[in-house]
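The sequence and the coordinates come first.

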Amino acid sequence: MMKITRARFKLAVRYCKQHTERMCANKAAESLACSDFRKFWNTVHKQNNSKVTKFAQVVDGCMGDEEIADRWRQHFQELYNSNAEKKSKTSLQSRISTGLPCSTDIIITLSDVVDACRKQKCAKAPGPDGITMEAVIYGGHRLSVHLCLLYNLFIKYGFLPDTFMQSTMIPLVKNKCGDLSDLNNYRAIALSSALSKILETLLAVFLHNDSEVDCFQFGFKSGHSTGLCTSVLKQTVDYYTTQGSHVFACFIDYSKAFDSVNYWKLFSKLLDDGVNCLVVNLLAFWYSNQTAAVRWQSSISSKFCIRNGVRQGGVLSPYLFTRYIRDMIRSVADVGVGCVVGGQFINILAYADDIVVVAPSWRAMQLLLSVLNAQSVMLDLACNTNKTVCMVFTPKSRNKIVSSEFPRLKIGDTFIQFVDSFKYLGHYIVSDLSDDTDILREIRNMFFRTNILIRRFSNCSVNVKSNCSDLTV
């Protein structure tokens with residue numbers, strides 16, 4: 001029996017080696033048959049990019065894994081310690097030390113922990129402790145009880161162990177066709193421990209706070225997309241140009257917006273919203289004592305402290321950043337100047353940190369930009385004037401065109417250039433509101449995806465091909 005099982009195992013291994021591509025293609029086809037299109041395209045893209053170079057041999061003049069990892073540590077240490085402002089820290093600590101009245105004592109129940117574990121995703125990279133999320137999800141009832149007791153102690157005493165606040169940063173390439181040795185061609189993803197992700201999921205319930213200003217924010221919201229945001233912009237502009245008015249639009253780009261967040265000001269805003277002071281106290285301790293290391297291939301750099309910014313990839317980061325810029329959006333929306341459609345002011349639209357300001361006149365646009373710049377300075381956000389552009393949409397009736405040229409607008413002391421087209425949130429915006437460029441982009445994407453499917457699914461078995469063709473029909 002042992003000889004027979006060994007022979008079967010060797011035969012199965014030989015078959016897998018000879019039919020690897022076919023098995024991978026069949027696996028992707030299974031997702032298509034189950035109508036799980038997100039999983040299908042993720043599988044296809046992973047197979048398509050499996051042989052793409054993910055790591056450069058030289059980064060910013062440094063060679064070798066250890067030398068490159070240390071260079072990344074220096075870069076991120078400068079980036080996440082760029083805010084030396086201490087007044088907000090002192091103000092927040094004084095507010096907490098005075099003993100702010102807490103509405104109720106927070107108690108995390110066992111069912112809350114179980115629900116938070118069910119919301120987590122499997123097959124994710126582990127944090128610095130090496131514990132995978134699967135170990136927590138399938139840890140059983142006893143583990144959930146211990147986690148419930150542990151999280152309640154964390155909130156009550158506002159303390160976290162050092163290993164709990166550690167994270168690992170991995171630089172990921174933004175543009176694989178660009179310069180792989182350029183530091184600015186990378187973005188950092190922070191890998192935190194599985195237990196900290198569950199705690200963030202539990203705390204997200206206490207941080208949720210709706211506002212009427214959130215209607216201008218399209219990012220991090222279910223049922224919203226980049227296409228919806230650009231559609232609102234285009235319809236607003238089309239409404240005014242049809243009525244015979246000019247429309248000015250300014251596309252704002254911020255430099256390292258997520259990494260420049262002053263979380264002392266952020267936590268003060270949370271207290272103003274009535275968030276329980278125990279939660280704010282725990283977050284303040286967490287963020288002010290967090291450390292990180294950089295992993296480049298098999299090398300890990302030394303640790304460094306983080307004094308500003310929210311972690312990209314964190315559970316709470318989307319809400320925290322949205323709350324951080326909410327007052328800035330409110331200040332622009334409450335000016336009372338801008339486009340009005342159906343009695344609703346539409347003078348600013350945002351998708352995360354990608355903001356566009358809209359106004360029907362040059363003077364109104366300059367006023368809105370002045371208010372936005374003042375609020376950005378208060379939030380320690382720096383506007384990247386090299387990537388910030390303005391656009392003028394002319395009326396459809398030629399006899400209502402006031403002028404073909406307008407003075408350049410300013411953000412602070414810097415003039416902004418005018419352009420005829422701009423790619424906003426992946427969609428091309430043209431001054432004449434033509435969709436030809438965007439349609440050509442979608443056609444190119446369709447050909448690209450079709451070629452991928454033809455190349456990948458040519459290795460599928462006949463049975464899988466016939467099933468997929470029946471499904472498409």
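**Briefing**

Lys174 sits in the loop that runs between strand S3 (166-173) and strand S4 (186-192). The model is predicted, so local features need pLDDT of at least 70 and side-chain atom pairs count only at pLDDT 80 or more, while totals for chains, interfaces and linings use all residues. Residues are numbered from 1 along each chain as its sequence is written, and side-chain values use heavy atoms, with hydrogens and water left out.

**Overall**

- The chain has 17 helices and 18 strands; these are DSSP runs numbered from the N terminus, helices being H or I with at least four residues and strands E with at least two.
- Along the principal axes, the C-alpha atoms of the chain fill a box of roughly 90 × 65 × 50 Å.
- Of the 473 residues of the chain, 42% count as buried. Buried means under 20% relative accessible area, exposed means over 50%, and partly exposed lies in between, with a 1.4 Å probe and protein chains only.

**Salt bridges**

- The structure holds 14 salt bridges, a salt bridge being a side-chain nitrogen of Lys or Arg within 4 Å of a carboxyl oxygen of Asp or Glu.
- Arg326 forms one of them with Asp214, and the closest N and O atoms are 3.4 Å apart. Arg326 lies in helix H14 (residues 326-333) and Asp214 in the loop between helix H9 (194-207) and helix H10 (226-242), so the pair ties together parts that are 112 residues apart in sequence.
- Asp238 forms a salt bridge with Lys396, with 2.5 Å between the closest N and O atoms. Because Asp238 is in helix H10 and Lys396 is in the loop between strand S13 (389-393) and strand S14 (410-411), this pair ties together parts 158 residues apart in sequence.
- Asp238 is partly exposed at a relative accessible area of 31%, whereas Lys396 is exposed at 53%.
- Lys269 forms a salt bridge with Asp327, the closest N and O atoms being 2.8 Å apart. This pair links distant parts of the chain, with Lys269 in helix H11 (residues 263-272) and Asp327 in helix H14, 58 residues apart.
- Salt bridges that share partners join Lys269, Asp273, Arg323, Asp327 and Arg330 into one network. Lys269 counts as buried, at 13% relative accessibility.

**Cysteines**

- The structure holds zero disulfides, a disulfide being a pair of cysteine sulfur atoms within 2.5 Å.
- For Cys122, the closest cysteine sulfur is that of Cys117, 11 Å away and therefore too far for a bond. Cys122 is partly exposed, with a relative accessible area of 34%, while Cys117 is buried at 5%.
- For Cys229, the closest cysteine sulfur is in Cys215, and the separation of 12 Å is too far for a bond. Cys229 is buried, with a relative accessible area of 0%.

- Cys117 has its place in helix H6 (residues 110-119). Cys117 and Lys197 are 80 residues apart in sequence, and their C-alpha atoms are 9.3 Å apart in space.
- Phe218 is found in the loop between H9 and H10, and Phe218 is buried with a relative accessible area of 6%.

**Surface patches**

- Patches are made of residues with over 30% relative accessible area and no salt bridge; like charges are joined within 9 Å, and nonpolar side chains (Val, Leu, Ile, Met, Phe, Trp, Tyr) within 5 Å.
- Lys174, Arg187, Lys256 and Lys387 gather in a patch of positive charge on the surface. Lys and Arg count as positive and Asp and Glu as negative, with His and the chain ends not counted; the place of a charge is taken as NZ of Lys, CZ of Arg, CG of Asp or CD of Glu.
- Ile439, Leu440, Ile443, Met446 and Phe447 form a nonpolar patch on the surface, with about 470 Å² of accessible area together. Accessible areas come from the Shrake-Rupley method with a 1.4 Å probe, and for residues only the protein chains shown count as cover.
- Ile439 has its place in helix H16 (residues 436-457) and counts as partly exposed, at 45% relative accessibility.
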